[in-house]
Structure formats: structure tokens, C-alpha cells
Amino acid sequence: MGAGAGFTHLHVASAFGAHYGVSWPEELAQAAAADGADALACTDRDGLYGMAKHVQACLNAGLAPVVGVDLAVAWDGVGPDGQVAVPVTGHAPQHPAGRVVVLARGGCDGAGYRALCRLISDAHAHTTGGSAGGSPYVRVAELAAHASGEDPAEPLLYVLVGPGSEVGQAMAARRYTQGRTLLRRWKAVLPAGSLRVEVVSHLSPPGQRLSTAHAVRMLRASRDTRVPAVLTNAVRYAAPDGAATADVLDAARTLSSLEALDDLQPNGQGWLKPGAAMEQIAREIGRDSGEGADAVQELLQQTAELTDLCRMDPGPDLGWMRPVVPEASVIGISGAPERELRNRSLAGARARYPHLVSGGRFAATHEGRELEQRMEHELGIIERLGFASYFLTVAEVVRMIEGMGVRVSARGSGASSLVNHVLRISNVDPLEHELIFERFLSQDRSTLPDIDVDVESARRHEVYRAMFERFGAERTTLMSMQNGYRVRGAVRDAGLALGMESDQVDGIAKQMWRFSASSFREAMDRMPELRGFADRVESGRRQGQQQLDLLVDLTERLDRLPRHISMHPCGVILGDATLLDRTPVQPSGIGLPMSQFDKHDMDPMGMLKLDVLGVRMQSTIAYTLQEIERTTGETVDLEQVPLDDPATYEMIRTTHTLGCFQIESPGQRELIGKMAPVEFNDLIIDISLFRPGPMQSDMVRPFLEQRHGWGMTRYPHPDLAPVLAETHGVTVFHEQVLRMFDVMTGCGLARADEFRRQIGGPGEQGVEAFFRREALARGYSLEVIDEVWGTLHAFGSFGFCKAHGAAFAVPTYYSAWLKTHHPEAFLAGIFEHDPGMYPRRLMVAEARRMGIPVLPVDVNVSTDRFRLEWVPSHPELPDGGQGRWGVRMAFTSMSGLSGTEIKRLMAGQPYTSLADVRDRARPTRRNLERLAQLGALDCLLPPGGASRTDLVHHLELQHAGTGSSAPLGHHPDGRRRRAGSRQVDGQLSFALPDTETAALTPMFPSPSRDQQVRTELDLTAMDTSAHLMESHRAYLDALGVTAAEDLLSLRSQSRVLVAGVRVATQTPPMRSGKRVVFISVDDGTGCIDASFFTEAQHQTGEMLFSARLMLIEGTTRRTGPKAISLQAIRAWDLHRPETLPNPDYLDSTREQWRAWLRRDRQAAAARRAGQPWDAPGALPDVPHHSTGGWPVKVGAAVGVPPENPDATGGQRHSSPPPRRADQHRPVPVPHPETWELLPAPER
Amino acid sequence: MGVFTQSVAVGRSSAGVPEQLEWNGRTYVVAAEPVRWFERRRWWAEERRAERGRGAGLVDHEVWRVQVRLARAPRSPLLTLDISHHLDSGRWRLIQIHDAVRQDLRESA
């Protein structure tokens, strides 16, 4: 060993050590391998955050992984003589000892790794989670205990005391004696042979820390104390280029500007230097220490020896790729899990299919045999893979959740399994919907399948706690997730590092829209909304100011770097009793422990993860049912509701689906308007169509045309007709992709799913070759093969599995049914749990549109929930004489009111006077004023007396000068005043009016509606009493603005101005690769969905993503019998009056519009003719912000040549089949990126 | 100590260690093993750009402290100089001449 075999870096931070390391594990491993190293360590700060990725990267690069951690240590509990004293308590360390590196011993069947995991968990046990929970550290005594192995000669952990330790700090300050004393103390406390001195030189200037002189002193101390020394470079980046990024991360970590940062790295030499450079450093240290070549050799030798002790054998040491599931005894079985699963499945089948299974036998009918075969098939695969106990575990979890009375349903491909269905894990019958088990699990997959379970979001934490209790805290932990820099966060932290004003940076951040931070500079050139910023950069450059240029560069540097870990929104890890030996844990935001590993680490680390996702819609449904029962006594069992209720589908077809699961987004409303669903299967297809795959491969339009009988259903080959019939010849489902593979190549469904997974990845070419060869051999013509492959290629990995669509369609239908038949209760549920993509205020507007009274916060009636309330008569009711149910705003809707205050307010109801509220509810002064402003105290005002404004003034006067926010009842003044009024009016009884309010002199009128709306928005973020746009009514009327509800009566291609509050912005991927921005605004009469193409984006400029109240000029485009949308021409920000058009705008610019329309028609005609359209003076295209590289990757068009051959460049298929020539603009149906559509996880 | 920034030409060994330098039209040879370090720069204030992939030399520059004497006068007195190497441009500059010899320099200048 030694120098010849390359140098091993033993102290290396990866980017996963948040706000410290700069380089990704792959970069580090590749750099080390390129230099000829045969091993590499990963020692992130405070945890094993990057470890699994490091091990994978090392295996890929042919290196032996070494794993460790860089930890803060403290002497607490160790006496000065090195004797371990009584353990101390308390969280913050009393005697900090700096930071050390701890490496796990390798080749010992995981003993070293176990000790490392436990050590790190102990370090985090000193914290309470969250940013304010303190920082992790470990006591030297704890470290010593974990490092001791059974064999005293073989410690489990090695501790590197280096420049960051207290010893190193003493040596840097030339306190030699202190340094040596501390080192001896370390030696006395730690097990024999586990201590090393870490020698580092970053070649900083003489006299500074990390200089060669500093290293020399460390080396001498190691000599004097007979502790072996090792050489590292305390690496934070793979190459010198990362040094500036490290500076920015240091600034971000300490929330400081670079200029003010006093703890900057001394220079930029903390990179993964090649072995030759490290040997050179060793020689310089040797020379300066005056010890010569032997000492140099010894230093390198000892480094190599430590490396050899710490090489990890991934399988035995880390449990790499070895799945571990809970012990059979924990899930309550004693025999073989396979037999148990078989028995339970049979019992479950009896319950699910009573007509097909009786006793232990399946019926002898066709259906019975089919059921039996399917069950045998699935159980066979599960048994061969050894996953029986996994299925039993999931079944146990679901049983437990159902037992808690929490709504639960499986989502995703798990619904493809009959075994899941009979075990009650999934509610979808896979036979009925022709779902394929292999899409979920097959012999060819060796990793555990994902079974995802949706539960009520509001009770998610309760479910987690129950799981910890049920399986034991030693077997259960939450999964974590890495949160990386996105562009807005990156620009904020880059601005902070440069010391820019936060207002200025915020303004820039608001204009940014979802491009990758790494392409900021390119985005500046191409994105219209950044034009103003680009101009400022340019003018700054001319004036010799470089700050904005640097801002762009630093933002790009931060791209994707991890910022922190947090609890994953749904992952729970279940293991056996050794789980905490295999993952370090730390407190999460909710107190429960979470693993330092994220979802990518689960399979390699052999961990079983269950996705238990909190879904707000499930909570909404639960609450709606509860309110129905409370107000009417009726118990609705949704399971019994027929799935073919005509009224529900009629409601869906009106596209008034705001609030309904999965079908409320602007694009979905448009699609529904076109598709007009009539049955449950339509909902499954609708949800599945609304995905990137079908959108990008132009599946929606042909599907709609064929569905409505406008186009001929056509199959690439008659053999495929049975596969594609249900979707009119269009590929919509993964299941269809699998069957197409199988039909044309005979590969079997299991392999077909493997092929599907490889599409879009590096293995695709092999799949294509196989497909073409086998299909050709079976006699399919080249045209058919080309066409089908084109579909498979485009659709491949993007599409949607029908099982998932079916699982989603159930809550979609339930929510639509509830909105149809119990609209008031449903809206109360929506207000209460806020499940959708829109701000709550839009749902208030929806209630107003539906004529459902929305009742303001009232101190005597409101509670901590949005409750149904009978309204005998109400100004908003069309027929005031007849009562109806309305929704009372909850106290929780008012910001600033604490949970305790709400409890007291509720406990004290009803109140007869202001004094009564003060006395019994004791809100803070500010909150009492807020309640008055909102009108919550109006009920205490005497009729015909003082107004709400008078009351607010009165309270403000009373509170002026005291300035405190202490509860009112505790204030002596309050008591005296109340006592005084009581004395005067001592004989007044309960029923008489409030004397304090009665005594107010009416001076001011009630607040105007505009004032009221403004107050409501400020305090509740909802405009309850009138729509926000009302305050702009006069100007908008003068302009001739069209209301949303009137749009539908207009002809297509009418020119209109519309105005409203922005409720959604989406930029779905488009087949053309150009960006189209879909903005939805709400004007009180409904939603208007406007699409901004290239020209409109240029016309609109900087306010495209930042304006809240918008005025939009556009042309109507009818998209279906009930659907109309707007093609925008330009838009204005209503908050910038100086930019707004004059009232005669529509008349004075008619000619410009005609010219625009002509151009637009010419362009459309050119597209139809398949010619590129280059209008004179055309504005540059705005590319879509793909998450991948730049220029944007575009899915191949299927059967249609790319819209603009230049834009899509390297198409794989040079000769697409000339099937249709009817070119058209990008599908005008936006679909949000999938994650936006998925129900929002609990915040 | 005086602070200069004068351009110098430096000849280096294959290992990158300075061996001789030309300064003010004279050639000097390095007479003792030089010492080197990397000195930090306030790059956020001094630089216009800090783009990714720019490489070495943004955050620090290399400094060598060399003891030299005139190549043509082997018995001339030793000078101790700090010369900096800008890794991005490849240029060398003389940044410091240590006290003992500055006097002589002034006199001879």
C-alpha cells in the first residue's frame, strides 16, 4: 500500500451535507477514480445524508467506499483527567470541543456501521428538530462508548482529531501545551487504537489556520503524544471551481453577506486534490517539520492503513440491497408467511366475491376459474420473490388505519393487484377494470413494489403515531426528503451573499418562473418576463457595476444543491428490530424520528417504505359527511352511492367543477367541457388523459374526435383492436402499452413492463431493436411497426397506469357527487380543509356563484370550524323569505388569532357585551380590534346606534398608548372601566343591550364595501362580503370589460377585455417545445382561462408572473359546447394605473386588433399547410422550461411530423409515417405538471 | 514592507516550482527552496463574473516567496520576494519585496 496505490481522501463532504459540501457523490467518485485512487470516503456534516449515493457512486467507479461523519463534539461529562464522570443533562454543550471526523470500521459484518448509525442518532438526540431545535453534537464519552468493540484491539470507530477540533484550534493559536494536553485526554478516553491526528494543509498563508505550519504543529503533536497521524484535505468540492460556491454556501448557512462573514475558508484549496498533489503537500509538511522523507512516508502509510481498516463491504457491512421486512411475529403470524398470505387471501376473496367463492373453493363458473387463476398467478409471483410478509405488513397497516375510523384507499399501481384487493388494501377491482398485475410486480423486478395509501390529511400524524406504536419505535421511522435550491430560493441566497437589499432580490425572485437555476443567464435572454431584469444587468454593466452579473452567476452555482432535509410528505419506513442499526435518525418537525435517508436510498439500503399520504380531499369528504349528519341526521355511506348518478355527470359536464378532486384545474375543466363524461370509465380516461404523455404525444385531440364520432377510429393493426377499443384507438394507459408489446412480440406482460420502464432511458435502443426484430418476425409490416413504435416511444415512461386512474376516479366521483347533492356541506368541507389548487377565496367566489350564503366571522356564532348554519333570510338569497343553509366562517380564518384564544372565545359564547368578550374570552387588544374590523362584534352593536367604524375607533382609542398585546382581561384599566360601567348600570339584566356600545356616539358611517373587502382580505385572505374586483368596477365598466359568465354567449373569435384576480398560472409542457402560459383569473362571476402564446408573453413582459389583479385583452376561442377560453393578446397589472389603457381602448385600437387577427390566421393557415411561419418582425420563441437540459427536450410527436422541425431538432425518427397533414397549434389544453395535480400533501 | 505590483516573467521546473525570474530587465535565479501559499481574494468585490466552470484562480491566487540573486553575479546578496501567480491568466506579478533589501533596491534604482 502507500503512495503507489493512489491517495485516499478520508475527509470529504458531499453536496448532501447541506450548506457545506458542494459536489455530488458521482463527481467526487469519478474524480477520485480518474486519479487512480481505489477508495474514497464520504463524511458529511452531522449525518449520513449522502452516504447511500456515495456508496453507489463508488461501486460505479470501482472504488471501495469508506463512510463516516463530521460531527461536533463536547467534553461534557468527562473530567479533566480523562475519567468519565457522571453523565450530564441538558441540551446545549457546556464544553464544546470543536468538530472531528468519525469513520466506521469496515469488514466487520456491519459492527462499525451500526456504531456509526447509533452515534449519529445520539448526536441528534440533543436536538428537537426544526431550525430552532439546536445543533447536533456528541459527547466524547458517548463517542468512546460507541467506538468500543467486543475485541479491545479492534475499535469500531476511528476518530480523526484535526484542524477543526479544539486541539487544532489550540495549535493554530500556538497554544502547544494545551493542544497536547487535550490530545492526551482524547487518547485516555477513547478505546485503544481508535484515535488519529488529522493533518491538513490548505497551503494558506503562513500564520493562518490550515497553513502548512498549522499542519506541522499537528504532526508534531501526534509525535509527542504517540497518536498516529493521517493526511486529509478536508475536501468540500471536487475541483477548484467549487471554492466560490462553498463561499456562497457559507454565507447562506450563516445568513450573512460574504463581506461580513468572518469565518470564510482561508482560500479555495479544499478540493479533491490528486494523489501527486497530496504527496507534494506531505513533502512540504515533512520539510517544514524538519523530519525528512521517513516522516512523509509514515504519514502516507498511516493514511493508507486507516483506509484499509475502513473499507466497507457494502453487502455485509451496510446491508446493501438486502431488503428487510418486519418480523413475522410483529404482524401477528406464527407459521410461514406464504401460507398465511394464501389463507388470508382466500378469506378476503370470500368477502369480496361471495358469489364466486364459497367455503374454501372457487365456483366452477368461468368467472370463478378466472378469479382462481389470477389469484394463483399473483400468489406464485409473490412467493417466488419472498414478498409475502411485505403484503401482510401492508394489510396490517391498512387494517389498523380502518380500525381508527380514518378514510383510507390505495393509490397507484397497487390497485392492479387482486391480492391487494382481497386484502382490503385497494378498493378497485382489478378484474373489472382489466388491470395488469405485472404493471405492479413481476418476477423480473427484484425490488419491493410501492403500495401507496391515501389517508385523511388532517389525521395523518395520528396514523403515523399509531404505526410507531403498532410496530414499535425500534422498527419504525419516517423517511426524509432532500430540499434542493430552486431558482427563487437560489436567487434570494445569492443576493444575500452579495449583500443586496432583500426587497430588490424579492422583486427579481417574483418574476422568475420555474426555469432551472442553472440556466438563469439563458433564461434572461429568452424569457419576456425577465427582459426588464436583463436590461438592468446590461445597464449596470455599462456603469461598471457587476453585482447583478454576479447574482446571475451565483444563482446558477446554487442550482439544485440540497438546502436541508425535512420529513417526506408520506414515507414511513418499516423494518425489523435492527432498523436503527441501519439508519441514523433525527427528530422531524412533528417530533417523530426521521431517517437521514431519502426515497432514493430505500432500495439500496434494503428499506421497506410505505407511502401513507395525507390527502386533503379525504379529510374534506370526511368533514362533509360529518356536517351532513350533524345538520340533517342523515348518514351518507359513499360506498353505497351508485357510480352512475346522472345528476352528478350533468354537474361535471357544466364544468363548474371547482373543488372536485382532480378535475378542477383550468385544463381539466376545458378537457371535461370537450369530453362531456357520462360514466365512471370516462372519469378514469379523463384523469389518465390529462398527463404529460398523452398530451405530448397528441393523444387528446384524436381521442376526442373519435369519441364524438367526428373521426374514424383507426387501429395500427387489427390485432391491436381489442387492446385499444375502449379508448377509440388511442393509447391512454400503461396497460395498453404492455399489451401492445405483448401482442406484437409475444414477450409476455412481465417483460413488457420491463421494456416500458426502459423507454426514455439508456436502454431504449435495445428495446427498440428487440421490438422491431420480433414484430418483423411475426409478420407485421414496417409501416405498422414504425407507427406502433412511435406510440410506444412517445408514450412509454410518461403515461399513466389505468390502475392509478381508477383509484383516483373514485374520490373524484365522490367529490362531484357531494358537490351536486350536498353543495353547502361540501363547500364547508372545502373551506375547512382547503384541498385544491386554488386559493380559498376562489371557493368563496364559487359559493357566491352558487348562491350559498357565506356568513362572516361572528363572535357569538363562529367556532373553530367552518360550519353549516341555517339562514332564515339573507340579502344574498334570491328568495329572501325562504331560508337555506349557509357556511359560517370559522375563527381560524382570521390570521393572528391563537388556538387558545379561539378556545376561550368558544367557551364563553354567547356574549352580551363588549365587556363580556373582554372578560371571558380575553383576546389580545389587537385581536379584539381585528374582530371588530371584520364585523365579528357587530352583533353587540345597538340597532340604529353606533356603526362598526365607531366601534373600531372606540377600541383603538382605548388601546392607544398601551401598545401591549397582553390579554385584555388581565389589564387593570380594563377591569376598572368594566367595573365602573357595571356599577352605574348595576341593575341591568342579561337581556339588555351592551351599555358600552350603547354609549358610543354614532359619528362615522359603516365601512364601505370596498373598505370591508380590503379588511377581509387583509385579515382572512378571503373577500367574503363582496368580490375583490368590485372596487375596480367603475373603470372596468367604462372600458367595456366582459364578465366571465357572459363569455360563453359570445361567438368564437370575438375580441374582449376581461379582468380578474389571478387564481392559477400554469406552463405545461407543449408538443411544440415552446412555452405557453395559462393564466386563470376569477372575476366573481366565474373563472376565465387565458392562454398566452409567444407574442402575448412578449407584449405582457415583466408582470406575466407577478401581477395579481389582471386586465387581459384577448380573442375568444370556443373549445366545446360548454367551454370557451381566451387567447390573450396582452395583459396589464391593475395595480399599476399608469400603465393601464384609456377607457376608449377597444374603439381606438380596433385596427391593430384586426391586423393581429389577420397575422394569427395566416400563421394558423401556414401551420396547417405544414410550412414554417415566419412573420416579418416575429418575436423570438419562448422555450418551455423543461426540468432537463436546454434547449428543451420534446416528446416525439406520434404520427405527425414535428410542428417546427427546427425547434425539435434531433428527432429520433427521420421519417415519421405521413399519417395526417393537419398541422395545428399546440394542444390548447394545459395540463399541470403531474405533481401539481396530485392532491396537496399536508403542509 | 513595501507593496508593489509589477509584472515579472518566471521560469519554472517541471514540478511548477519557480527557478528563475526576469524583472526590470535582469535575470535572477532562485537560490533556496521557495515557500508557497494560496491567498484569498475578495472576488465578489473584485470580479465581474463568477460563472460556474471558470476554474481555479477566482477565490485565491498562488503566492511564492522566493530568495533570488542575480544570475550573472553569484555572490550578490539574496533578495526575498513574494510573487503571485494568477492561475486564470497565467501571469506573474511581484507583490512584495521584503524589508532588508528594499533599501538597496531604492539606492540602486
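Student: How far apart do the C-alpha centres of domain 1 of chain A and domain 4 of chain A lie?

Tutor: This is a predicted model, in which local features need pLDDT of at least 70 and side-chain atom pairs count only at pLDDT 80 or more, while totals for chains, interfaces and linings use all residues. Residues are numbered from 1 along each chain as its sequence is written, and chains are lettered from A and ligands numbered from 1 in the order in which they are written. Domain bounds come from an automatic or database domain assignment, which gives domain 1 as 71-270 + 280-318 and domain 4 as 637-813. Between the C-alpha centres of domain 1 of chain A and domain 4 of chain A the separation is 57 Å.

Student: What is the mean pLDDT of chain A?

Tutor: The pLDDT is the predictor's confidence in each residue, from 0 to 100, and in chain A 88% of the residues reach 70 or more. Over residues 963-991 of chain A, however, the pLDDT is below 50, and over residues 1187-1243 of chain A the pLDDT is also below 50. For chain A the mean is 86.

Student: Which elements of chain A do the buried residues of α9(A) pack against?

Tutor: Helices (H or I, at least four residues) and strands (E, at least two) are DSSP runs numbered from the N terminus, and α9 of chain A covers residues 275-289. A residue is buried if 20 or more other C-beta atoms, placed from the backbone, lie within 10 Å of its own, exposed if 12 or fewer, and partly exposed in between; in α9(A) the buried residues are A:M278, A:I281, A:A282, A:I285, A:G286 and A:S289. Seen down the axis of α9(A), these buried residues fall within an arc of 140 degrees (taken from the directions from the helix axis to the C-beta atoms), so they line one face of the helix. They pack against β6 (195-199), α7 (212-225), β7 (229-231) and α10 (293-310) of chain A.

Student: Is A:L231 buried or exposed?

Tutor: A:L231 lies in strand β7 of chain A. Two residues are in contact if their C-beta atoms, placed from the backbone, lie within 7 Å, and, not counting residues up to four places away in sequence, A:L231 touches A:V199, A:M278, A:A282, A:L299, A:L300 and A:T303. Because 26 other C-beta atoms lie within 10 Å, A:L231 is buried.

Student: Which residues does A:E629 touch, not counting residues up to four places away in sequence?

Tutor: A:E629 sits in helix α24 (residues 616-632) of chain A, and it is partly exposed, with 13 other C-beta atoms within 10 Å. The C-alpha atoms of A:E629 and A:K1074, which are 445 residues apart along the chain, are separated by 50 Å. Beyond the excluded places in sequence, the residues that A:E629 touches are A:E634 and A:T635.

Student: Which element gives the most to the side of chain B that touches chain A?

Tutor: The contact takes 20 residues from chain B and 24 residues from chain A, and β4 (35-40) and α1 (43-46) of chain B each supply at least two residues of the side of chain B that touches chain A. With five residues, the element that gives the most to this side is β4(B).

Definitions and conventions. Expected span 1.5 Å × (residues − 1).
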